[in-house]
Amino acid sequence: MPAEQLCSSCVKAKRGKNGKVQECLVLKNLLGKTGRCFAYSNDPDFWDNLRQQVELYNTRKASAG
Ligand code: SF4
């Protein structure tokens, strides 16, 4: 699948008010990667799940001292 088509349905893409993809928030911004995407997701709960995992990690890290 072409990258633009892949990004158009991916929850990790930042979109403008018109819904058009502006940039990738994960592959390029967080991981600094370009080229073929390995991070596509159409999971509507992706960002909530990620936030929960980060909070859990930080809680465990803090309690481990
Ligand atoms: S993760 Fe991949 S498919 Fe999703 S927006 Fe970024 S480049 Fe596109």
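**Close-up views of the predicted model**

**View 1. Leu 6 within helix 1.** Leu 6 lies in helix 1, which spans residues 3–8, in a model that is predicted. Because 17 C-beta neighbours fall inside 10 Å, Leu 6 counts as partly exposed, the buried class requiring 20 or more other C-beta atoms within 10 Å. Although 31 residues separate Leu 6 from Cys 37 in sequence, their C-alpha atoms are 8.6 Å apart in space.

**View 2. The shell around the ligand.** Leu 6 and Cys 37 both belong to the set of residues that surround the ligand, a set that also includes Cys 7, Cys 10, Lys 12, Ala 13, Cys 24, Val 26, Leu 27, Ala 39 and Tyr 40. By residue class, this shell around the ligand comprises ten nonpolar residues and one charged residue, with no polar residue.

**View 3. The antiparallel strand pair.** Strand 1 (residues 13–15) and strand 2 (residues 21–24) run antiparallel and are joined by three bridges. Ala 13 has Cys 24 of strand 2 as its bridge partner, and Ala 13 and Cys 24 are also among the residues surrounding the ligand. Five residues lie between the two strands of this hairpin, in which Gly 19 adopts a positive phi near 85 degrees.

**View 4. The protein chain as a whole.** The protein chain contains two helices and two strands, which follow the pattern α-β-β-α when read along the sequence. Of its 65 residues, 8% count as buried, while 42% of the contacts between residues at least 6 apart in sequence join residues at least 24 apart.

Methods
Residues are numbered from 1 along each chain as its sequence is written. This is a predicted model: local features need pLDDT of at least 70, side-chain atom pairs count only at pLDDT 80 or more; totals for chains, interfaces and linings use all residues. A residue is near a molecule or strand if its C-beta atom, placed from the backbone, lies within 6 Å of it. Ala, Val, Leu, Ile, Met, Phe, Trp, Tyr, Cys and Pro count as nonpolar, Asp, Glu, Lys and Arg as charged, and the others, Gly among them, as polar. Helices (H or I, at least four residues) and strands (E, at least two) are DSSP runs, numbered from the N terminus. A residue is buried if 20 or more other C-beta atoms lie within 10 Å of its own, exposed if 12 or fewer, and partly exposed in between; C-beta atoms are placed from the backbone. Two residues are in contact if their C-beta atoms, placed from the backbone, lie within 7 Å. Two strands pair if DSSP finds at least two bridges between them.
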